[in-house]
Every structure is written in C-alpha cells, then in structure tokens.
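Here are a few notes to read alongside the coordinates. Have the viewer open as you go.

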Amino acid sequence: MQIARQRLARVARFLRTEAGPLAILAVGLYALYLFLHITSETLFEGEGRAFDEGVLNALRVAGQPDAPVGPVWLPEMARDLSSLGSISVLVFVAAVVIGFALVRKRYGASTMIFIALAGGMVVVQALKQHFERERPPLAYHLEPVINASFPSGHAMLSAVFYLTLAVLLARVQQQKRMKVYVIAVAVVSTAMVGLTRIYLGVHWTTDVLAGWSVGCAWAVACWFLSFAWERLAHRKMSEQGPPVFGHAAEESAASP
C-alpha cells in the first residue's frame, strides 16, 4: 500500500511539473492528425471540393468571380495583412529578432527561430511539390501567385513563425495575462493571414486549414526538441557538479 502511494505521488508530481510540455505536445499531435485528415478527405477522397467552392463563391458577387464582396478598400487591406505571411516579410522580421537575440546572447532562442522558419520553408515546399494541387481558377485571383496550392505556405509559415516567437516571449513573462496576450496576438496574426488568402481567391479553404495544422505541428516539434535539449543540458550540468576551478579558487581564498 505504501509503495502504491509513493508511485501515485511520483506520477502526480510528474504531471504537475510536466503538464505544460505535455499539453503542448498533445496540441502538436492533434494538429498533425488534422493535417493528415484534411489531406485524406480533400486530396484522396475529394469530399472537400464542394465546401471549398462554396466558400470561394460566397466571397464573390454572384456570377462575378473577379468581384469580391465588401467595401472597395477591403481587397487592399487583405493584401496588406496577407503579406504578414510572405517569405520576404517573415525572413526580414526573423533576421531582426535573431539579431536581437544574438546581441542579448540568447543563442538558444536565435537557433530555435532559425530552425523553425528555415525548416518550415523546406517542409512547405516539399509538400507543395508532392501534392501539386491546383489553385482556384485564375478569375478568382486578386493577386499573382506562382506555385502549387496545398498546403498554404502563408498560413503554414505564419503559424510556424508567430507561434514560435510567441512561445519564446511567453516563457520570459512573469504575469499570466501577458503570456495569454502574447499567444493571442500570435494566433490572431496567423488567423488573419490565412483568412486573407481565402478572400484573395488564391487558396482553397482546405489549403489554409492544412497550412495552419502542419504549421502548428512543426512549431510544436521545434519547441519540444528545444525543450528536451535544454532539459538534457541542465541534467548534464547537474550531474557534473560545481566546476573544479571554482573549488580551487574558494580553497585558495580561504587559505592564509
């Protein structure tokens, strides 16, 4: 009975200390499941076609695919918000953030941002080339595009970058409301980028949903690897104990 209580206590202690990482890992696994589900339903079974076309047509004046609904300034605003997920903007902002982290000697954070964004760019291009899904008809396009449709690169890369940056910023915030605010800004920014891609007629809705899903999964994977690396490094430092030179210096200072 005593042994069982000790084991339950250890399990409870583990869950308390690791609840955050486990929750984030669960989110990443669910996002990966959503991506696989969307891919299967949309590309292999074709069940999402009617849904995609319905959403696209709902955002256009009836019978006029080149005429978006809404005020005249809305398409221009959508282009501006969509650019927050473009490679050029993300690379520029990432370079500024990485430079700031290097100046502050936050080498782990700078490495994580670089791996997350660079790896995400490789992953999204590989997925586009693999699936080669055609974009919506050209008449719906409100801006030029050059590559395949699935998944949305803007949606995926914005999820990767903004969520990764939000997690890094949230970790150094002491107040809970600040953590919530930072993550909420990242989620809203990612959502706006994806929604504008649909409104601009350059992506099907399932492209954006898939981009969000795989982007979230990749961001979580990068974060979890960084978390595991930090834990491993901390454990090795703990096992090594205090530095030898530190003891020698203390003994030297204590001797007459």
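Contact here means heavy atoms within 4.5 Å. Keep in mind that this is a predicted model.

1. Start with confidence. The protein chain has a mean pLDDT of 84, with 82% of its residues at 70 or more. Where pLDDT is low, the predicted coordinates should not be read in detail.

2. Now helix H4, residues 87-103.

3. Which residues of H4 are buried? They are Leu90, Ala94, Val97, Ile98 and Ala101. Looking down the axis of H4, these buried residues fall within an arc of 100°, so they line one face of the helix. As a reminder, an α-helix has 3.6 residues a turn, so residues three or four places apart point the same way.

4. The cover over the buried residues of H4 includes helix H5 (107-131) and helix H6 (153-171). Ser88, Phe92, Phe100 and Val103 are exposed on the other side of H4. After H4 comes Lys105, with a positive phi near 60°.

5. Last, have a look at Asp52 in helix H2 (residues 49-58). Is Asp52 buried or exposed? Asp52 is buried, at a relative accessible area of 1%. Its side chain makes a polar contact with the side chain of Thr206, at 2.6 Å. Setting aside neighbours within four places in sequence, Asp52 also has Thr42, Arg133, Trp204 and Thr205 among its contacts.

Terms used:
Residues are numbered from 1 along each chain as its sequence is written. This is a predicted model: local features need pLDDT of at least 70, side-chain atom pairs count only at pLDDT 80 or more; totals for chains, interfaces and linings use all residues. Side-chain values use heavy atoms; hydrogens and water are left out. Buried means under 20% relative accessible area, exposed over 50%, partly exposed in between (1.4 Å probe, protein chains only). Helices (H or I, at least four residues) and strands (E, at least two) are DSSP runs, numbered from the N terminus. The arc is that of the directions from the helix axis to the C-beta atoms. pLDDT is the predictor's confidence in each residue, from 0 to 100. A polar contact is a pair of N or O atoms within 3.5 Å; within protein, one must be able to donate a hydrogen and the other to accept it, and residues adjacent in sequence count only if both atoms are side-chain atoms.
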